[in-house]
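This briefing describes how parts of one protein model pack together and how its ligands are held. Please look over the sequence and the structure before reading the points below.

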Amino acid sequence: MASNEKHQVQTTGHTWDGDLAEYNNPLPQWWVWVFYATVVFAVVYWVLYPAWPMGGSYTQGVLDYSKRAKLQEATSEATLREQYPERFDALNKIAEMSPAAIAKDEDLMNFVNSSGKVLFGDNCSACHGAGGQGVVGHYPNLADSDWLYGGTHSDIRQTLINGRNGYMPAHEDKLSDQEIEAVATYVGDLAGEDWAQDPQKIEQGEEIFHGDQAACYACHGQDAKGNQTLGAPNLTDAIWFYGGEKETVIETLVQGRQGEMPAWQDRLSESEIKILTAYVHALGGGQ
Ligand code: HEC
Ligand code: HEC
């Protein structure tokens, strides 16, 4: 038992029952030092940083982080003002101006076009495409002059602040398959689609469109030119949100459609929303 002899363990010196001794195994030195180090760290930490709760407040710590954060904010504003005076000026002006007024200011629009492009890329292009061209069947084109909810600065700004939820009801329970095909053909004919030429179906479809069973006119208007308050699209142009193939129009009617544009008021600052409003308006189709 050579190894046992080498590592002879100390005992506390007490013996019980003649031969029952108690080992005395001290903690390893490294462990003890790590332990002391954590105690010292904790004390230093309490002194330097916010640490202990005190009623409604807490110990601030001598480094006083909350004040430092404010200081940092102020310096970064000062840095912005000093190093990028043009950017600083532009942001200040934008904070005070309406998107329509911004659009009339050429210098500001240069700024809007560059910073708007970045904001659009970060927040919007995943759905609407890098140039705002949209994806037929999913996300509307923002670069044309066809608007579901209106293309004025204030319409676009409202769209961004609150989001939009288009509601086109399903008609599978209201109309028979034959009636759905007829009204689809009527709508296809309004948009001048090649597949929509059967005069009998068009006539029957027109009656259904204006009848009270389906009441398409209540949302899309008697002239089928749409209603921007509801986001009901104009059906008389050849610009389709969900698509103008016969199958797609029938699918729209059977299942209904519920497009969802998220709201941005909690995710973007007011100035960012103004920049994006002016940017989207200028993409091509602003009114
Ligand atoms: C998750 C996908 C998604 C994202 C992200 C998104 N949108 Fe939309 N957006 C939509 C959908 C879907 C609609 C159509 C809503 C409807 O059918 O009612 C829409 C509609 C719009 C409209 C109304 C178009 C019209 O014809 O009236 C505008 C303007 C718009 N989006 C701008 C933006 C901007 C700017 C951003 C970035 C801040 C953005 N969208 C981010 C999905 C998205
Ligand atoms: C309650 C209002 C409402 C009624 C009733 C309604 N629609 Fe719609 N319709 C909408 C809205 C809103 C949209 C856009 C949906 C979206 O934004 O996702 C739409 C979309 C459509 C589209 C898709 C257009 C495109 O560009 O892809 C077609 C086609 C259509 N409706 C035809 C009809 C017909 C035909 C009827 C009657 C059988 C009808 N709608 C009844 C509100 C309505």
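The buried residues of helix α8 pack against α5 (99–104), β5 (164–165), β6 (260–261) and α13 (270–282); contact means heavy atoms within 4.5 Å. The model is predicted, so local features need pLDDT of at least 70 and side-chain atom pairs count only at pLDDT 80 or more, while totals for chains, interfaces and linings use all residues. Residues are numbered from 1 along each chain as its sequence is written, chains are lettered from A and ligands numbered from 1 in the order in which they are written, and side-chain values use heavy atoms, with hydrogens and water left out.

- Helices (H or I, at least four residues) and strands (E, at least two) are DSSP runs, numbered from the N terminus.
- Helix α8 covers residues 153–162, and His-153, Ile-156, Thr-159, Leu-160 and Ile-161 are buried in it; buried means under 20% relative accessible area, exposed over 50% and partly exposed in between (1.4 Å probe, protein chains only).
- His-153 has a relative accessible area of 12%, so this residue is buried.
- Among the residues that His-153 touches, not counting those up to four places away in sequence, are Pro-99, Ala-103, Thr-277 and His-281.
- After α8 comes Gly-163, with a positive phi near 75°.
- Trp-147 is placed in the loop between α7 and α8, and with a relative accessible area of 12% this residue is buried.
- Beyond residues up to four places away in sequence, Trp-147 touches partners including Ile-156, Val-280 and Gln-287.

- His-128 belongs to helix α7 (residues 125–128) and Met-261 to strand β6, so the pair ties together parts that are 133 residues apart in sequence.
- Both His-128 and Met-261 are buried.
- Ligand 1 is surrounded by 24 residues, with Cys-124, Cys-127, His-128, Tyr-149 and Met-261 the closest; a residue is near a molecule or strand if one of its heavy atoms lies within 4 Å of it.
- A polar side-chain atom of Tyr-149 lies 2.4 Å from an oxygen atom of ligand 1; a polar contact is a pair of N or O atoms within 3.5 Å.

**Ligand 2**

- Which residues come nearest to ligand 2? Of the 26 around it, they are Met-168, Cys-216, Cys-219, His-220 and Tyr-242.
- His-220 has a polar side-chain atom 2.8 Å from a nitrogen atom of ligand 2, and Tyr-242 has one 2.5 Å from an oxygen atom of ligand 2.
- For Phe-241, a backbone N or O atom lies 2.7 Å from an oxygen atom of ligand 2.
- Helix α11 gives the most to the shell around ligand 2, with three residues.

Terms used:
Polar contact = N/O pair within 3.5 Å; in protein donor to acceptor, adjacent residues only side chain to side chain.
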